[in-house]
Amino acid sequence: MQTILEIIGMVLIAIGIGFNVIGMIGLMRLPDIYTRLHATGKVSTVGLCSLLLGAAFLMPSAALKLIALAIFAVLTLPVSTHVIAAAAYRAGVPMRRFSRDDLAAKYSGGSAGGRELAQQGDDLFKIERSAEN
Amino acid sequence: MSAPAALGVNLALFILVVLLVPCIYRMWAGPSAADRLQAIDTITTLLIGIVVLLMLIRNDRMFIDIAIALAAFGFIGTLALARYISERRRY
């Protein structure tokens, strides 16, 4: 019984470590703060929750607090990711080139550079579409 | 905890500590303040995992309280700093 619990816990911890490694690769490699938030925001949430559940299997006397911490992480980590993305957009952090800014027409307070780049991206998109047709 | 499980937990702790390096790089080289805030948030997430693995290694239930406090304060600090950045006051 103890061995089965340890095997389940180690598998969950390995899954959590794997998700964290993927998230950190995304944090290093992706070109833009929005794509980087897309990489780490979800992936490290899953990684942390898997790690906490694995620890709950390895140490059952602290399982209640670990599961409560996992629920707290699921509730708060997406919120903080969203808040960072909204702050970056309002502060005018530019997007990667050729990406569409769908909020640019709605919020005039967005990033001016982001609007210009989005306009260029739209033009390129139209040129590509007309070339296809 | 048996010997292979202890070895696996030590290895997981080593990998998590190594994963702090990309976050520190992003915090050092990030072009905007929001990049640095994201790096700090990710470091907090990794530190929660590190504290939980330390709890398993030291076999001491007190560490889980540290992890809970770290999660709460990290969340509140991220919210406050994001509010500060979104008002376009530069660091």
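Where is Asn59(B) found? In this predicted model, Asn59(B) is located in the loop between helix 3 and helix 4 of chain B. Although Asn59(B) is not a glycine, its phi is positive, at about 55 degrees. Asn59(B) is exposed, since a residue counts as exposed when 12 or fewer other C-beta atoms lie within 10 Å, and Asn59(B) has 11.

**Chain A**

Chain A comprises 133 residues, of which 41% are buried. There are 4 helices and 0 strands in chain A, and from the N terminus on the elements follow the order α-α-α-α. When contacts in chain A between residues at least 6 apart in sequence are considered, 47% join residues at least 24 apart.

Helix 2 and helix 3 of chain A pack at an angle of about 175 degrees, and their axes are 9 Å apart. Angles over 145 degrees count as roughly antiparallel, and helix 2 of chain A and helix 3 of chain A are therefore roughly antiparallel to each other. The residues of this contact divide into 21 nonpolar, 3 polar and no charged.

| Helix | Length | Span, first to last C-alpha | Expected span at 1.5 Å a residue |
|---|---|---|---|
| Helix 4 of chain B | 24 residues | 34 Å | 34 Å |

In helix 4 of chain B, the buried residues are Ile64(B), Ala67(B), Ala71(B), Gly74(B), Phe75(B), Thr78(B), Leu81(B), Ala82(B) and Ile85(B). Their cover includes helix 3 of chain A together with helix 3 of chain B. An α-helix has 3.6 residues a turn, so residues three or four places apart point the same way.

**Nonpolar cores**

The largest nonpolar core has 40 residues, and those touching the most other members are Leu52(A), Ala55(A), Leu66(A), Val52(B) and Leu56(B). At least two residues of this core come from each of helix 1 (2-29), helix 2 (33-58) and helix 3 (63-90) of chain A, and likewise from each of helix 1 (3-18), helix 3 (33-58) and helix 4 (63-86) of chain B. Helix 2 of chain A provides the largest share, 10 residues. Beyond its neighbours within four places in sequence, Ala55(A) is in contact with Gly9(A), Leu66(A), Val52(B) and Leu56(B). Another core, of 15 residues, lies apart from the largest one; among its members are Ala87(A), Ala88(A), Tyr89(A) and Leu37(B). In soluble globular proteins, nonpolar side chains tend to be buried together.

**Contact between the chains**

The contact takes 38 residues from chain A and 37 residues from chain B. On the side of chain B that touches chain A, helix 1, helix 2, helix 3 and helix 4 of chain B each supply at least two residues. Helix 3 of chain B contributes the largest share of that side, with 13 residues. By class, the side of chain B that touches chain A consists of 23 nonpolar, 9 polar and 5 charged residues.

Definitions and conventions
Residues numbered from 1 in each chain as written. Chains lettered and ligands numbered in written order. Predicted model: local features only at pLDDT ≥ 70, side-chain atom pairs only at ≥ 80, totals over all residues. Core = buried A, V, L, I, M, F, W, Y, C linked by C-beta atoms within 7 Å. Buried ≥ 20, exposed ≤ 12 C-beta atoms within 10 Å, placed from the backbone. Contact = placed C-beta atoms within 7 Å. Axes fitted to C-alpha atoms, helices over the stretch in contact; angles between N-to-C directions. Parallel < 35°, antiparallel > 145°, perpendicular 65-115°, else oblique. Nonpolar A, V, L, I, M, F, W, Y, C, P; charged D, E, K, R; others polar. Expected span 1.5 Å × (residues − 1).
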